[in-house]
Amino acid sequence: MIIRPRIVYIVRLGEVESSHLTVISESLQEHFGLEAKIIEDRTILPSALDAARKQYNSNLILKKLLDILPADALKILGVTDFDLFSPIFSYVFGEAQFGGKCAVISTFRLRGHPDGKILQGCPPLVSRIEKEAIHELGHTFGLRHCADPDCVMHYSVGVQCADRKFAFFCPACREMMVWHMATDLFLKI
Ligand SMILES: [Zn+2]
Ligand SMILES: [Zn+2]
């Protein structure tokens, strides 16, 4: 039997507020018509810890997400509250396998404070999380960074940049997204 991969799995990595995962899930269903399922994993995050840096290696997390990829997964998105780094950056908001299956995001730096605490008067964290999730999933659909500062695919240098942009694609990126989604949903079976 052929299983059509059409579900986006959102993986809670450690302790993450349920409401944050729900926002991502609802956004995917509302904006892209994608079915999303929230699951949990308690082994991936500990295995990606760099004890010296006290941060988690996003490259390793992506590899481990592929290991648990369900057969009906269109994409898999890890979400953590802990700080992520990749070998070439001191920290990252998230990372994705370009044109692939997996992505990971962290709420840590999106909280607006270097130690991950929520700043008073900070713009809604959920809005930043939603944008970061769509941005990284956009990469898994083959979308590159966009020059339009309003577009969700614009590269965010800091949280101010993330606040400036919208949770939506510009017309050019949207067109690309629709094309890639159609390809991923209906051809790669
Ligand atoms: Zn990006
Ligand atoms: Zn764009």
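Okay, so R6: it counts as partly exposed, because it has 15 C-beta neighbours inside 10 Å, and the cut-off for exposed is 12 or fewer, with buried starting at 20. Keep in mind that this is a predicted model. R6 sits in the segment before β1, the strand covering 7-13. What I like here is the partner across the way. R6 and E35 are 29 residues apart in sequence, yet C-alpha to C-alpha they are 7.0 Å apart in space.

Right, on to β1 itself. Is this strand mostly buried or mostly exposed? Six of its seven residues are buried, so β1 is largely enclosed by the rest of the structure.

Now, who pairs with β1? One partner is β2, residues 35-41, in the parallel sense over seven bridges. Another is β5, residues 73-80, also running parallel to β1 and joined to it by seven bridges. You can see both pairings at V11: this residue stands opposite I39 in β2, and opposite G78 in β5. As a reminder, strands of a sheet pair through backbone hydrogen bonds, either parallel or antiparallel.

How do we get from β1 to β2? Through helix α1, residues 18-32, and the three elements together make a right-handed β-α-β unit.

Okay, next sheet on my list. This one is open, has four strands, and goes in the order β3-β4-β6-β7, with mixed pairing. β3 (49-50) and β7 (89-92) are at the edges, and each has a single partner strand, so one side of each is left with no neighbour in the sheet.

Inside that order, β4 (residues 55-57) and β6 (residues 84-86) run parallel and are joined by two bridges.

Which residue other than glycine has a phi near 55 degrees? That's K54, with a positive value. For context, most residues other than glycine have a negative phi. K54 is placed in the loop between β3 and β4. And with 10 other C-beta atoms within 10 Å, K54 is exposed, since exposed here means 12 or fewer.

That's my tour, from R6 ahead of β1 to K54 in its loop. Over to you folks.

Conventions: Residues are numbered from 1 along each chain as its sequence is written. Chains are lettered from A and ligands numbered from 1 in the order in which they are written. This is a predicted model: local features need pLDDT of at least 70, side-chain atom pairs count only at pLDDT 80 or more; totals for chains, interfaces and linings use all residues. Two strands pair if DSSP finds at least two bridges between them. A crossover is right-handed if, with the strands pointing away from the viewer, the path from the first strand over the helix to the second runs clockwise.
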